[in-house]
Amino acid sequence: MNLTPEQIAAAQKANLETLSGLTNQALQSIEKLVELNMHIAKQSLSDSMNSAKKALEVKDIQQLLAHQAEAVQPMAEKIMAYSRHLYDLAHETQASFTQSAEKEFQAGQKKVNALVEDWTKNAPAGSDTAVQVMKQAIASANTVFETSQKAVKHAVEVTQTNLSSATDAAMKSASTASKAAKKK
């Protein structure tokens with residue numbers, strides 16, 4: 001079975017479109033990351049200036065301790081929020097890439113199935129066993145891919161649940177520490 005120049009050109013065009021789509025997805029993710037980091041940098045600068053102004057108004061050690069206690073919880077909350085945003089961005093990017101990969105895999109599957117069908121139509125007499133073996137191998141590969149995709153999706157869901165639990169626990173811990181520091 002030989003590929004025609006038109007088929008090769010079509011395959012190259014499809015590959016180029018896929019590459020372009022993945023590149024755009026990556027650039028959008030990078031843009032979101034830069035926006036997030038710029039927002040955090042601006043907010044951190046503003047918070048630092050406000051904290052410095054308050055620190056300059058401190059008159060004794062009790063006020064200094066109270067000032068430090070006030071700063072702990074919001075800082076921990078912001079770190080956790082940043083981590084959540086970062087995770088969400090990574091998850092969104094991974095999901096987008098996975099969706100593209102699944103789309104490409106399905107298109108490839110259709111092409112392989114079409115090639116096998118063409119081959120089986122032109123297969124010599126007595127090659128039924130070879131045809132069945134090839135079809136079973138393709139079906140097995142498809143099953144393995146689908147199973148691995150389900151496992152990856154499940155792992156991502158478990159990771160997301162664990163991250164949410166860890167974030168909640170860290171926030172509670174930071175809140176408790178902040179309250180304890182204020183009481184002193």
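Student: Which residue caps the N-terminal end of α2?
Tutor: This is a predicted model, so what follows applies to predicted coordinates. A side-chain oxygen lies 3.2 Å from the backbone nitrogen of Gln 62. The residue that supplies this oxygen and caps the N-terminal end of α2 is Asp 60.

Student: How far apart are the end C-alpha atoms of helix α2?
Tutor: Helix α2 covers residues 61-121, which is 61 residues. At 1.5 Å a residue it should span 90 Å. The distance between its end C-alpha atoms agrees with that, at 89 Å.

Student: And how far apart are the end C-alpha atoms of α1?
Tutor: The 52 residues of α1 should span 76 Å at 1.5 Å a residue.

Student: Which helix do the buried residues of α1 pack against?
Tutor: The buried residues of α1 are Gln 25, Ser 29 and Leu 36. These buried residues of α1 pack against α2.

Student: Is Thr 93 buried or exposed, and which side chain does its own side chain contact?
Tutor: Thr 93 is found in helix α2. Its relative accessibility is 18%, and the cut-off for buried is under 20%, so Thr 93 counts as buried. Its side chain makes a polar contact of 2.5 Å.

Student: Which residues make the nonpolar surface patch?
Tutor: The patch has an area of about 380 Å². One of its members, Met 38, lies in helix α1 and counts as partly exposed because its relative accessibility is 47%. The residues that make the patch are Leu 27, Ile 30, Val 34 and Met 38.

Student: How many salt bridges does the count come to, and how many residues apart are Glu 92 and Lys 32?
Tutor: The count comes to three salt bridges. In one of them the side chains of Glu 92 and Lys 32 meet, at 2.2 Å from N to O. This pair links distant parts of the chain, with Glu 92 in helix α2 and Lys 32 in helix α1. The separation is 60 residues.

Student: Are Glu 92 and Lys 32 buried or partly exposed?
Tutor: Glu 92 has a relative accessibility of 41%, and Lys 32 has 37%. On these values Glu 92 counts as partly exposed, and Lys 32 likewise counts as partly exposed.

Student: Which residue forms a salt bridge with Asp 47?
Tutor: The closest N and O atoms of this salt bridge are 2.1 Å apart. Asp 47 lies in helix α1 and its partner in helix α2, so the pair ties together parts that are 31 residues apart in sequence. Asp 47 is partly exposed at 28% relative accessible area. The partner, partly exposed at 33% relative accessibility, is Lys 78.

Student: Which residue does Lys 135 meet in a salt bridge?
Tutor: The N to O distance is 3.5 Å. Lys 135 lies in helix α3 and its partner in helix α2, so the pair ties together parts that are 18 residues apart in sequence. Lys 135 counts as partly exposed at 32% relative accessibility. The partner, also partly exposed with a relative accessible area of 37%, is Glu 117.

Key: Residues numbered from 1 in each chain as written. Predicted model: local features only at pLDDT ≥ 70, side-chain atom pairs only at ≥ 80, totals over all residues. Heavy atoms only, no water. Helix = DSSP H or I, 4+ residues; strand = E, 2+ residues; numbered from the N terminus. Expected span 1.5 Å × (residues − 1). Polar contact = N/O pair within 3.5 Å; in protein donor to acceptor, adjacent residues only side chain to side chain. Buried < 20%, exposed > 50% of the residue type's maximum accessible area, 1.4 Å probe, protein only. Patch = residues over 30% accessible without salt bridge, like charges linked within 9 Å, V, L, I, M, F, W, Y side chains within 5 Å. Areas by Shrake-Rupley, 256 points an atom, 1.4 Å probe, with all protein chains shown as cover. Salt bridge = Lys/Arg side-chain N within 4 Å of Asp/Glu carboxyl O. Contact = heavy atoms within 4.5 Å.
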